[in-house]
Amino acid sequence: MPNSPEHPEHVVAVTSVPNELEAGVIVAALEEAGIKSTMSGVYTAGFRAEAPGQVQILVAQEDLARAKEIIRIGEDDEEDVDWSQVDVGQPEE
(Lines give C-alpha, C1' and ligand atoms only; values in the text may rest on other atoms or scores of the structure.)
Protein backbone atom coordinates (compact mmCIF):
# COMPACT_ATOMS: atom_id res chain seq x y z
CA MET A 1 0.00 0.00 0.00
CA PRO A 2 2.38 2.76 -1.21
CA ASN A 3 -0.02 5.73 -0.81
CA SER A 4 -0.95 5.46 2.85
CA PRO A 5 -0.08 7.37 6.03
CA GLU A 6 2.24 4.47 6.91
CA HIS A 7 4.54 5.63 4.07
CA PRO A 8 5.66 9.20 4.89
CA GLU A 9 6.86 9.98 1.35
CA HIS A 10 3.21 9.95 0.22
CA VAL A 11 1.72 11.78 3.20
CA VAL A 12 0.76 15.45 3.15
CA ALA A 13 -0.64 17.87 5.70
CA VAL A 14 -4.26 18.71 4.95
CA THR A 15 -4.58 21.27 7.77
CA SER A 16 -3.22 22.23 11.16
CA VAL A 17 -5.03 23.16 14.35
CA PRO A 18 -3.96 24.53 17.75
CA ASN A 19 -4.60 21.42 19.87
CA GLU A 20 -5.05 17.65 19.98
CA LEU A 21 -8.75 17.83 20.82
CA GLU A 22 -9.56 19.72 17.63
CA ALA A 23 -7.23 17.44 15.65
CA GLY A 24 -8.96 14.38 17.07
CA VAL A 25 -12.35 15.61 15.88
CA ILE A 26 -10.99 16.13 12.36
CA VAL A 27 -9.22 12.76 12.30
CA ALA A 28 -12.45 11.06 13.42
CA ALA A 29 -14.47 12.82 10.71
CA LEU A 30 -11.96 11.82 8.05
CA GLU A 31 -11.89 8.22 9.29
CA GLU A 32 -15.71 8.15 9.22
CA ALA A 33 -15.51 9.21 5.56
CA GLY A 34 -13.07 6.37 4.86
CA ILE A 35 -9.91 8.48 4.76
CA LYS A 36 -6.98 7.25 6.83
CA SER A 37 -5.36 10.11 8.70
CA THR A 38 -3.06 10.80 11.60
CA MET A 39 -1.78 13.69 13.74
CA SER A 40 1.71 15.11 13.93
CA GLY A 41 3.02 17.53 16.55
CA VAL A 42 1.13 16.23 19.58
CA TYR A 43 2.37 16.53 23.16
CA THR A 44 4.85 13.88 24.23
CA ALA A 45 5.91 13.63 27.88
CA GLY A 46 4.94 17.23 28.63
CA PHE A 47 6.36 18.89 25.53
CA ARG A 48 5.23 19.21 21.94
CA ALA A 49 6.96 16.96 19.46
CA GLU A 50 7.65 18.38 15.99
CA ALA A 51 5.92 21.61 14.92
CA PRO A 52 5.49 23.81 18.02
CA GLY A 53 2.10 25.35 18.56
CA GLN A 54 0.19 23.38 15.92
CA VAL A 55 -1.02 19.84 15.37
CA GLN A 56 -0.95 18.79 11.73
CA ILE A 57 -3.49 16.41 10.23
CA LEU A 58 -1.80 14.12 7.71
CA VAL A 59 -3.45 12.15 4.90
CA ALA A 60 -2.30 10.20 1.86
CA GLN A 61 -1.62 12.51 -1.09
CA GLU A 62 -4.34 10.78 -3.12
CA ASP A 63 -6.94 11.65 -0.43
CA LEU A 64 -5.95 15.32 -0.08
CA ALA A 65 -8.72 16.92 -2.19
CA ARG A 66 -11.46 14.80 -0.60
CA ALA A 67 -10.09 15.43 2.90
CA LYS A 68 -10.09 19.20 2.30
CA GLU A 69 -13.73 19.01 1.19
CA ILE A 70 -14.76 17.03 4.28
CA ILE A 71 -13.01 19.55 6.53
CA ARG A 72 -14.66 22.47 4.70
CA ILE A 73 -18.10 20.89 5.11
CA GLY A 74 -17.41 20.34 8.82
CA GLU A 75 -16.40 23.97 9.25
CA ASP A 76 -19.58 25.12 7.47
CA ASP A 77 -21.71 22.92 9.73
CA GLU A 78 -19.96 24.32 12.82
CA GLU A 79 -20.79 27.89 11.78
CA ASP A 80 -24.49 26.99 11.71
CA VAL A 81 -24.57 26.17 15.44
CA ASP A 82 -26.23 28.83 17.60
CA TRP A 83 -24.23 28.24 20.78
CA SER A 84 -26.56 30.48 22.80
CA GLN A 85 -29.22 27.79 22.30
CA VAL A 86 -27.03 24.83 23.31
CA ASP A 87 -27.45 23.44 26.84
CA VAL A 88 -23.97 22.48 27.99
CA GLY A 89 -25.11 21.58 31.49
CA GLN A 90 -23.85 22.79 34.83
CA PRO A 91 -20.12 23.21 35.50
CA GLU A 92 -18.53 20.59 37.71
CA GLU A 93 -17.43 21.75 41.14
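This is a predicted model: local features need pLDDT of at least 70, side-chain atom pairs count only at pLDDT 80 or more; totals for chains, interfaces and linings use all residues.
View 1. Although Gly 74 and Ala 29 are 45 residues apart along the chain, their C-alpha atoms are separated by 8.3 Å.

**View 2. The salt bridge between Arg 72 and Glu 69.** The side chains of Arg 72 and Glu 69 meet here, with a distance of 2.6 Å from N to O, and the count of salt bridges in the model comes to one. Both residues belong to helix H2, where they lie three residues apart, about one turn of the helix. Arg 72 is partly exposed, its relative accessible area being 37%, and Glu 69 likewise counts as partly exposed, at 35% relative accessibility. Side chains of opposite charge can pair when their charged atoms come close.

**View 3. The largest nonpolar core, which has 15 residues.** The members that touch the most other members of this core are Val 14, Ile 26, Leu 30, Ile 35, Ile 57, Val 59 and Ala 67. At least two residues of the core are supplied by each of strand S1 (11-17), helix H1 (20-32), strand S5 (55-60) and helix H2 (64-79). When residues up to four places away in sequence are not counted, Ala 67 touches Val 14, Leu 30, Ile 35 and Val 59.

**View 4. Gln 61 in the loop between S5 and H2.** At 49% relative accessibility, Gln 61 counts as partly exposed, since a residue must be over 50% to be called exposed. Once its neighbours within four places in sequence are left aside, Gln 61 is in contact with His 10 and Val 12. Gln 61 and Ala 13, which are 48 residues apart in sequence, are 8.7 Å apart in space from C-alpha to C-alpha.

**View 5. Residues 1-5, where the pLDDT is below 50.** The protein averages a pLDDT of 78, and 67% of the residues score at least 70.

Conventions
Residues are numbered from 1 along each chain as its sequence is written. Side-chain values use heavy atoms; hydrogens and water are left out. A nonpolar core is a set of buried Ala, Val, Leu, Ile, Met, Phe, Trp, Tyr and Cys residues joined through side-chain atoms within 4.5 Å. Buried means under 20% relative accessible area, exposed over 50%, partly exposed in between (1.4 Å probe, protein chains only). Helices (H or I, at least four residues) and strands (E, at least two) are DSSP runs, numbered from the N terminus. Contact means heavy atoms within 4.5 Å. A salt bridge is a side-chain nitrogen of Lys or Arg within 4 Å of a carboxyl oxygen of Asp or Glu. pLDDT is the predictor's confidence in each residue, from 0 to 100.
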